[in-house]
Amino acid sequence: MEKTLFLHDLEELDIQNKDVITLYNEISALAMKHAGNMDEFGGYKCAYYLSMEFLIGRSFYNNLMELGVLEETKKILALKGIDINVFEEIEDAALGNGGLGRLAACFLDSAAGLGLPLHGFGIRYKYGLFKQAVENGCQVELPDDWQRFGDPWSVRRDSEKRVIEYADMRVYAVPYDMPVFGEKTNRLRLYQAEGDAGAEKISEYLYPADDTDEGKILRLRQEYFFSAAAVADLVECYVKRHGKNFEKFPEYNVIQLNDTHPVIAVAEFIRLLTTEYRKKFTDALNIAKRTFAYTNHTILPEALECWKEEYVRKILPDIAEIMIKISVFASREYQSLGCTKEQALEMAIFKGGKFYMANLAVYVAKNVNGVAGLHTEILKNRLFATAHKTYPQKFMNKTNGVTHRRWLELCNKELAELIDKTIGNGWRKDISLLSNLNGFTENTVNGFIEVKKIKKRQLLKYIAEKEGMEIPENFLVFAQVKRLHEYKRQLMTAFAILELYYGIKSGKLSNLHPCVFIFGAKSAPSYKRAKTIIRFINAIADKINSDALTNGRLKVVFVRNYNVSYAEKIVAGADVSLQVSTAGLEASGTGNMKFMMNGAVTCGTMDGANIEIVERAGLENNYIFGATVEELANIKKAGYNPAVCVSDPAHKQAVETLTDGTFSDGGSGEFKELYECLLHGENPDGYFVLHDLGSYVQTLISICNDYVNNKKFAEKQLINVANSAYFSSDRTIKEYAEHIWKI
Ligand code: 26W
């Protein structure tokens with residue numbers, strides 16, 4: 001980066017009557033101009049990350065920080081009378097749903113920061129994750145037209161566009177390259193579909209509604225679209241440099257499949273080698289086995305994609321044939337390695353007229369990893385047990401991480417500076433040095449208390465502006481921010497809040513330390529029950545916030561359009577991170593790591609990465625409650641009757657607000673439906689909300705009580721910061737680079 005040239009041009013920049021969007025584009029374009037070129041693909045061994053989602057969030061501040069000119073830019077703009085924060089008006093590029101999409105963005109950032117060659121391939125959606133509005137307490141989806149702000153950080157590569165063929169249509173895949181700045185400038189290549197109107201639909205929406213055949217086929221088209229474009233780019237790049245002997249392809253390319261969405265790339269790779277390059281099927285398959293690696297991010301059945309044969313045949317007949325052929329090979333191989341026919345069938349790629357993409361990935365991939373210790377154990381012992389027995393060396397754990405550049409240095413400059421003052425700034429390059437913060441002095445604790453006050457003040461000010469809600473600074477801040485899903489149990493938090501509320505009203509909790517619960521969550525548009533829970537939380541917030549008897553002690557706010565930029569403010573300002581999923585169902589969680597890095601204690605269940613957070617920061621510095629995976633297995637075996645839980649009057653009072661008229665669901669009957677799914681039906685309270693509710697309430701009360709001694713509480717929080725290095729994606733990427741990618 002030619003910093004001086006950039007800063008010189010910035011000083012020269014005429015800002016007269018230019019609006020924020022124009023300035024945003026001109027300043028970004030200057031940075032792009034002086035940033036130097038993105039690294040080429042293929043000259044030496046690189047890793048390639050194929051993902052349906054890249055939740056990059058806002059690029060402006062992050063890129064200027066990575067280019068080392070953020071502070072200077074702030075000063076130069078201030079001299080021109082511009083507060084750099086005006087660019088917060090530029091919305092995030094939300095090209096992802098949540099978890100795995102944000103992880104992909106963190107991985108690219110860490111690899112660039114570490115100077116490791118990792119490039120991303122995905123889709124340049126015209127409309128990313130919807131913008132969430134809330135009307136009468138209900139989620140409303142609005143299109144996220146992120147490109148209306150311009151897209152100065154992308155370079156369109158017309159000369160590299162290529163045709164992607166389906167049986168019923170041909171479309172152009174036009175690459176847009178986004179630089180990922182760091183020690184190296186890696187590349188995020190997002191493809192845009194062009195051609196006739198039908199073509200453009202392929203890259204129009206992230207996660208098109210797939211509750212219709214047409215929607216499902218569109219999703220399959222999307223998955224093939226970017227997978228085929230990426231494979232074609234990599235194969236072409238290889239042939240240009242190394243010719244048509246593909247034996248060496250794995251020496252230059254390792255392709256990481258981010259969940260099942262890009263797994264079709266394996267079949268496309270084989271199709272390309274066997275048709276265009278006339279390789280034998282078995283040779284192509286063996287090269288694929290040395291090239292691909294697969295990450296599983298969830299054990300939820302609805303996310304383990306399987307495609308009906310008719311869908312695949314309709315638009316990709318040769319791919320269908322190839323996947324069937326791989327399935328035959330796989331079955332034979334499993335049995336030749338000691339599996340019975342039945343066991344081989346468990347891992348079948350093609351059975352019952354369906355293609356099981358996770359099984360295809362597990363069979364072909366050289367490595368299969370889960371994203372936290374417990375999750376990987378569940379993959380080995382349950383989901384892919386037969387494959388693990390047959391190919392034990394394939395399976396490994398790679399606990400997730402988050403980039404500390406965005407999730408500490410950028411979003412919490414004040415804490416980063418306190419750390420510099422205490423242990424020097426070496427931790428910014430080598431995050432493992434953060435552990436030197438352990439053994440901190442009282443002075444540092446006081447410094448931390450100041451920082452937390454500042455970040456909380458900033459957060460509460462932002463919430464006052466955005467949500468019109470005033471929260472006093474002395475309030476203890478709980479935050480539960482993540483996608484809305486029943487297994488994440490936002491509903492359990494809602495009930496717990498009601499119990500605190502009634503406890504305060506009855507006088508039992510009259511001296512509870514004042515606290516606020518901040519929710520941030522988007523529900524998938526078609527996920528009715530999740531939307532009901534959003535409505536319920538908003539109804540609770542309205543009631544509690546307007547009750548003069550209690551609102552000096554308890555408040556609830558559901559922030560709208562929770563996104564990466566909102567997350568940056570919440571993780572920095574919160575005191576307690578709520579991570580309360582049903583044990584065994586949250587593969588890892590990554591919000592938990594962001595909170596830990598910013599000095600929030602975790603109030604959570606023994607699930608996903610919470611287990612490793614507590615291992616590293618100490619049980620005594622966090623608040624663990626709820627049934628464990630083992631306990632839940634026993635409860636299920638013994639038979640679980642949630643009705644028993646509501647015999648407790650406090651639980652009964654909270655849960656029955658769904659049906660006793662305390663709250664109105666606008667006559668939709670959805671609150672009643674929610675009540676029914678908890679207490680009646682074939683699998684009542686399937687996520688054990690009522691089972692863990694009691695211990696949850698007790699834990700929240702003890703946190704409030706501990707917070708009264710805010711120096712001791714601050715020490716717990718600071719110990720979490722000091723032991724959070726492991727959860728930087730720098731550590732994760734180093735493990736992938738060493739154990740899987742060999743780059
Ligand atoms: C059907 C809706 C749907 C869509 C996408 C379900 C699941 C997905 C993804 C494949 C699952 C996902 O995003 N999983 C999350 O991945 C994160 C990064 O590894 C983990 O931290 C989260 O625990 C996991 O839920």
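The backbone nitrogen of H261 lies 3.4 Å from a polar atom of the E305 side chain. This is a polar contact, that is, a pair of N or O atoms within 3.5 Å; within protein, one must be able to donate a hydrogen and the other to accept it, and residues adjacent in sequence count only if both atoms are side-chain atoms. The model is predicted: local features need pLDDT of at least 70, side-chain atom pairs count only at pLDDT 80 or more, and totals for chains, interfaces and linings use all residues. Residues are numbered from 1 along each chain as its sequence is written, and side-chain values use heavy atoms, with hydrogens and water left out.

E305 sits in the loop between β12 (292-295) and β13. Helices (H or I, at least four residues) and strands (E, at least two) are DSSP runs, numbered from the N terminus. With a relative accessibility of 11%, E305 counts as buried. Buried means under 20% relative accessible area and exposed over 50%, with partly exposed in between (1.4 Å probe, protein chains only). Residues up to four places away in sequence aside, E305 touches R219, E223, T260, H261, F355, Y356, M357 and A358. Contact here means heavy atoms within 4.5 Å.

Two strands pair if DSSP finds at least two bridges between them. Three bridges link β13 to β15 (residues 354-356) in the antiparallel sense. Within this pair, C306 has Y356 of β15 as its bridge partner.

An open sheet of six strands shows parallel pairing, in the order β20-β19-β18-β21-β22-β23. Its edge strands, β20 (554-559) and β23 (623-624), each pair on one side only. Strand β18 (residues 476-481) runs parallel to β21 (residues 576-579), joined by two bridges. Here A479 stands opposite S577 of β21.

S577 also features in the surroundings of N592. That residue is found in helix α23 (residues 591-597). Its relative accessibility is 1%, so N592 counts as buried. Neighbours within four places in sequence aside, N592 is in contact with S577, Q579, A609, N610 and I613. With N610, the side chain of N592 makes a side-chain polar contact of 3.0 Å.

Strand β4 (residues 118-123) is mostly covered, with six of its six residues buried. Both faces are covered. L118, G120 and G122 are buried on one side, and H119, F121 and I123 on the other. In a regular strand the side chains alternate between the two faces of the sheet. Two parallel partners of β4 can be described. Strand β1 (residues 46-50) is joined to β4 by four bridges, and L50 has F121 as its bridge partner. Strand β10 (residues 186-194) also pairs with β4 in the parallel sense over four bridges. There, G122 stands opposite L190.

In helix α1 (residues 3-12), F6, L7, D9 and L10 are buried. They cover an arc of only 160° around the axis, which puts them on the same side of α1. The arc is that of the directions from the helix axis to the C-beta atoms. These buried residues pack against α2 (20-34), α3 (60-66) and α4 (70-79). The face turned away from the buried side carries T4 and E12, which are exposed.

Two loop residues have a positive phi. N17, in the loop between α1 and α2, has a phi of about 30° although it is not a glycine. N17 counts as exposed at 79% relative accessibility. R278 lies in the loop between α9 (264-275) and α10 (281-291). Its phi is about 50°, and R278 is not a glycine either. R278 is exposed, with a relative accessible area of 69%.

The ligand is surrounded by 18 residues, of which H297, N400, E586, S588 and G589 are the closest. A residue is counted as near if one of its heavy atoms lies within 4 Å of the molecule. An oxygen atom of the ligand lies 3.0 Å from an N or O atom in the side chain of Y487. Taken alone, the ligand exposes 580 Å², and the protein buries 79% of that. Accessible areas come from the Shrake-Rupley method with a 1.4 Å probe; for residues, only the protein chains shown count as cover.
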